[in-house]
Amino acid sequence: MELIHPQVQAYAERFTTPDEPLLREICDHTLATHAHPNMLSGHLQGKWLQMVSWMLRPRRILEIGTFTGYSALCLASGLTEDGLLHTIDIREEETSTASAYFARSPLGAKIITHTGAAAGIIPTLDEEWDLVFIDADKTGYREYFELVVPRVRKNGFILADNVFFHGDVLEEPVRGKSGKAIRDFNEFILGREDVEKMMLTLRDGLYLLRKL
Ligand SMILES: C[S@@+](CC[C@H](N)C(=O)[O-])C[C@H]1O[C@@H](n2cnc3c(N)ncnc32)[C@H](O)[C@@H]1O
């Protein structure tokens with residue numbers, strides 16, 4: 001399902017500050033070499049993540065799903081002087097690609113990369129999160145939310161990506177285990193009274209949650 005009209009997308013991109021060279025390079029290289037380049041957040045969503053980071057000026061960010069490092073560099077842009085971003089990916093290939101990009105960025109010193117299953121790593125991180133970006137395996141979203149929410153500070157934020165799952169959440173019955181997991185996650189969040197929620201119609205849908 002085409003969620004955003006291509007003309008609207010192109011128009012919005014034209015009126016958005018272009019990516020800086022390193023982000024452009026990650027994007028181009030991922031598109032040229034990766035089997036699933038559409039997993040990368042991309043220009044508009046990346047700029048949104050940067051803007052959110054500058055608005056919040058977070059001290060601690062957790063990213064679940066590093067991929068090739070694009071969104072981590074976007075999210076890290078507004079970190080405080082002593083700020084840190086932890087990012088987790090299960091695939092060694094992705095974390096080593098991302099780490100090489102982080103090393104070339106002035107933000108690299110603020111990014112800590114973890115390789116392994118997010119459900120095992122999250123409980124080992126002794127931090128209080130200002131911002132969490134959930135963007136890994138869709139069947140894990142609910143577990144990731146439940147693991148992180150006690151450690152998100154009051155009025156801290158959680159962003160969950162792909163909450164339309166290419167429009168599959170609108171199908172009846174919903175197709176595939178990831179589409180079903182996302183639909184169940186959205187329903188689960190709707191029932192949570194400890195977060196204020198707003199579903200953003202950006203790209204494949206972003207769920208923005210504020211811990212009450
Ligand atoms: C959609 S991509 C992340 C995209 C990235 N945030 C961006 O915007 O550029 C999802 C990533 O989650 C990782 N992943 C999948 N299952 C995981 C798990 N159980 N724990 C940690 N990472 C996982 C995948 O290897 C993949 O790199």
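User: Which residues come nearest to the ligand?

Analyst: First, a word on the model: it is predicted, so local features need pLDDT of at least 70 and side-chain atom pairs count only at pLDDT 80 or more, while totals for chains, interfaces and linings use all residues. Numbering starts from 1 along each chain as its sequence is written, and side-chain values use heavy atoms, with hydrogens and water left out. Now, a residue is near a molecule if one of its heavy atoms lies within 4 Å of it. Here 21 residues are around the ligand, and Ser 41, Gly 65, Ser 71, Asp 89 and Asp 135 come nearest.

User: What is 2.9 Å from a nitrogen atom of the ligand?

Analyst: Look for polar contacts, meaning pairs of N or O atoms within 3.5 Å (within protein, one must be able to donate a hydrogen and the other to accept it, and residues adjacent in sequence count only if both atoms are side-chain atoms). A polar backbone atom of Ala 118 sits 2.9 Å from a ligand nitrogen. Tyr 144 uses an N or O atom of its side chain instead, 3.2 Å from a ligand nitrogen.

User: In what order do the strands of the sheet run?

Analyst: Strands are DSSP runs (E, at least two residues) and helices are too (H or I, at least four), numbered from the N terminus. Two strands pair if DSSP finds at least two bridges between them. Seven strands make an open, mixed sheet here, ordered β3-β2-β1-β4-β5-β7-β6. β3 (111-115) and β6 (195-200) are at the edges with a single partner strand each, so one side of each has no neighbour in the sheet.

User: Which peptide bond is cis, and where is Pro 173?

Analyst: Most residues other than glycine have a negative phi, and most peptide bonds are trans. The bond from Glu 172 to Pro 173 is cis, with omega near 0°. Pro 173 lies in the loop between β5 and α8. As for phi, Arg 57 is not a glycine, yet its phi is positive, about 45°.
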